[in-house]
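Please look at the sequence and the three-dimensional structure shown below. The paragraphs that follow begin at a ligand and then turn to the protein as a whole.

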Amino acid sequence: MPRINSPAELEKFRKDILSKRDPNRPCVAVCTGTGCLALGAAKVVTALKEEIKKQGLATKVDVVDVRETGCPGFCERGPLVVIYPEETCYLQVQPGDAEEIVSQTILAKKVIDRLVYVDPITGEKIVRESEIPFYKNQMRHLIGNNIKIDPKSIDDYLAVGGYSALAKALCQVTPEQVVGLVKDSNLRGRGGAGFPTGRKWEFTRNSPEKTKYVIVNADEGDPGAFMDRALLEGNPHSVLEGLTIGAYAIGAHEGYFYVRQEYPLAVENVTIAIRKAEDYGFLGKNILGSGFDFTVKVRWGAGAFVCGEETALLMSLEGKAGEPRARPPYPAVKGLWGKPTNINNVETWANVPLIINNGAGFLTSIGTEGSKGTKIFSLVGKVNNTGLVEVPMGITLRDIVYKVGGGIPGGKKFKAVQTGGPSGGCIPEKYLDIEVDFDELKKVGAIMGSGGMIVMDEDTCMVDVARYFLNFLTGESCGKCSPCREGIRQMLKILTNISKGKGREGDIELLEELSEATRDASLCALGGSAPNPVLSTIRYFRDEYEAHIKEKRCPAYVCKELISYHIDPDKCQACMICLRKCPAEAIAGDKNQIHVIDQDKCTKCGTCFEVCPSRFGAVRRLSGEPLPPPIPEEARIIVRKSKG
Ligand SMILES: Cc1cc2nc3c(=O)[nH]c(=O)nc-3n(C[C@H](O)[C@H](O)[C@H](O)COP(=O)(O)O)c2cc1C
Ligand code: FES
């Protein structure tokens with residue numbers, strides 16, 4: 001095992017690695033991130049390796065590599081395979097495709113048409129990964145390397161320039177200069193609050209205490225968010241390198257990764273990364289001959305959303321119940337075991353090597369006045385291309401939804417985008433052209449949060465959206481302070497009543513009042529920001545609340561207690577399709593009898609509405625209006641004309 005003792009040795013070692021790697025040698029990169037693994041990527045890897053052997057390529061040394069990589073973001077179309085050096089990108093690859101991939105693409109250099117991306121609008125086939133619109137409109141400084149390296153291989157990380165920033169920081173720059181660089185870059189924390197990173201480092205650094213800690217916050221509890229997981233699974237050394245540089249700047253000699261236990265692959269890859277970094281001398285005593293010592297441990301969180309809040313995280317790390325405590329004192333003054341502690345988000349740490357390698361100007365050249373660099377979002381919901389996207393700060397929401405996301409599926413109308421996770425807000429269509437940065441999102445009642453982004457179409461009920469998030473937060477509130485514990489629960493009660501048609505005049509005002517009290521009096525930002533989904537939906541979609549309360553109508557036909565399905569006897573052709581598909585067996589009729597829905601059995605799943613052929617359009621959704629009276633049995637008989 002090489003122990004690298006100086007920056008010169010590191011560069012020599014890197015040269016050695018590169019000299020053994022021919023950039024023109026074929027390499028099949030298979031995403032084995034959690035998303036693609038769930039879609040069967042492991043079997044694809046096995047099939048490719050077997051085919052390579054079978055077709056005689058494994059008998060010659062190093063003819064073709066199979067690289068198991070982290071997530072490049074387009075999980076929806078996984079398992080994803082990229083073949084280098086041509087950068088041919090194949091989507092939804094199955095084990096059965098392996099034979100052709102090897103014989104056609106690797107050996108005969110031919111593209112397999114059925115596996116490439118097809119532009120849904122132009123029908124054009126796009127072969128190269130970087131030319132697929134989903135990727136083309138991104139700026140992938142942080143996740144771009146995920147498909148280029150095997151996260152379990154430190155040599156792969158070194159081959160793309162890894163640990164050069166650490167060598168530079170430790171051996172060419174003073175800790176104060178590192179803090180200065182991060183301050184000059186205007187990097188703001190990616191975990192939610194957007195606090196300036198350099199200033200936070202300075203607080204901890206300036207503490208006279210000898211023992212200090214640095215922590216990677218990888219709790220990531222927002223439903224649907226997986227930015228941090230993808231970085232830790234796909235490029236753990238980049239976060240570790242950033243953490244070690246931060247420790248040097250701050251004067252800490254011990255660090256922790258706090259990772260939620262639902263992320264086993266992230267824990268595995270981070271643990272391997274730490275072990276390899278120790279072996280190579282990037283952790284431990286006298287790192288790269290600089291005299292700086294630093295050790296890192298991994299700790300599992302139990303998966304409570306509140307444990308992402310920094311003071312609750314510290315309690316959890318100390319083995320206590322994960323409940324927040326009042327600030328001040330801030331962790332920078334009194335953190336882990338009472339010592340000054342600097343906590344940053346995974347993505348924040350991953351930005352640090354970029355700043356050290358390329359200078360503060362690298363970050364300040366990207367973004368808006370107040371928000372610099374790129375941001376990774378987890379783009380989900382009613383959008384054609386879902387997945388992880390890394391975009392420059394300042395990009396418009398419209399560009400994210402339409403250029404990167406490819407627009408709304410099924411020709412539906414855009415309604416809103418929810419940013420910032422459960423404590424975020426819903427932004428309506430009129431603000432689609434705002435620039436995405438910390439301050440602009442706040443102005444319209446949302447937040448950047450850690451990067452959750454849910455796109456909603458016309459079929460989304462905004463009362464139901466607020467209810468969904470408050471339901472999540474009710475379960476996640478630790479219960480320590482009553483404004484949060486009771487405030488969120490009461491708001492949920494009102495929202496549930498509204499969505500069940502039991503809303504009363506004055507409920508909207510009561511929700512606003514409760515929101516204010518919960519926001520102002522809660523102990524931590526969980527309660528402090530919990531009203532955001534309520535307030536933003538009331539602000540932009542008040543008419544929907546009023547329709548639910550006054551007319552007992554759900555305009556999006558989502559709230560089950562407020563809708564019903566009815567088969568129009570004048571349009572029903574007794575085709576039996578809805579009857580056969582109804583999972584609740586709630587539809588009666590036969591080939592010669594108009595179908596009727598038994599309202600007592602109907603679960604309002606909407607299957608009948610979806611399957612009724614559009615040329616008939618016989619199934620109607622009703623909301624806010626009474627059901628037509630049942631038709632008499634004899635009127636249900638359809639007399640069909642005999643053929644000929
Ligand atoms: C309820 C709640 C959950 C949070 N969850 C996370 C999280 O999962 N990851 C994270 O980095 N920050 C989370 N935060 C923010 C942290 O408290 C803290 O601000 C952040 O880790 C600081 O890192 P940064 O400056 O790099 O953003 C959460 C905050 C709250 C109130
Ligand atoms: S897990 Fe494979 S593309 Fe995301």
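An oxygen atom of ligand 1 lies 2.7 Å from a polar backbone atom of Gly191. A second residue, Asn344, has an N or O atom in its side chain 2.9 Å from an oxygen atom of ligand 1, and a backbone N or O atom of Asn345 is 2.8 Å from an oxygen atom of the ligand. The protein covers 90% of the 610 Å² of accessible area that ligand 1 has on its own; accessible areas come from the Shrake-Rupley method with a 1.4 Å probe, and for residues only the protein chains shown count as cover.

The model is predicted: local features need pLDDT of at least 70 and side-chain atom pairs count only at pLDDT 80 or more, whereas totals for chains, interfaces and linings use all residues. Residues are numbered from 1 along each chain as its sequence is written, chains are lettered from A and ligands numbered from 1 in the order in which they are written, and side-chain values use heavy atoms, with hydrogens and water left out.

The protein has 24 helices and 19 strands. Its radius of gyration, 28 Å, is close to the 26 Å that the globule rule gives for 644 residues, so the protein is as compact as a globular protein of that length. This radius is taken over C-alpha atoms, and the rule is 2.2 Å times the number of residues to the power 0.38. The C-alpha trace spans about 95 × 65 × 40 Å along its principal axes.

Two cis peptide bonds deserve attention. One joins Gly78 and Pro79, with omega about -10°; Pro79 lies in the loop between strand 2 (65–69) and strand 3 (81–84). Another runs from Tyr84 to Pro85, with omega near 5°, and Pro85 is placed in the loop between strand 3 and strand 4 (88–90).

Finally, consider Asn286, a residue other than glycine with a positive phi, near 50°. Asn286 lies in the loop between helix 12 (264–280) and strand 9 (295–301). With a relative accessible area of 37%, Asn286 is partly exposed, a class between buried (under 20%) and exposed (over 50%), for a 1.4 Å probe and protein chains only.

How values were computed. Polar contact = N/O pair within 3.5 Å; in protein donor to acceptor, adjacent residues only side chain to side chain. Helix = DSSP H or I, 4+ residues; strand = E, 2+ residues; numbered from the N terminus.
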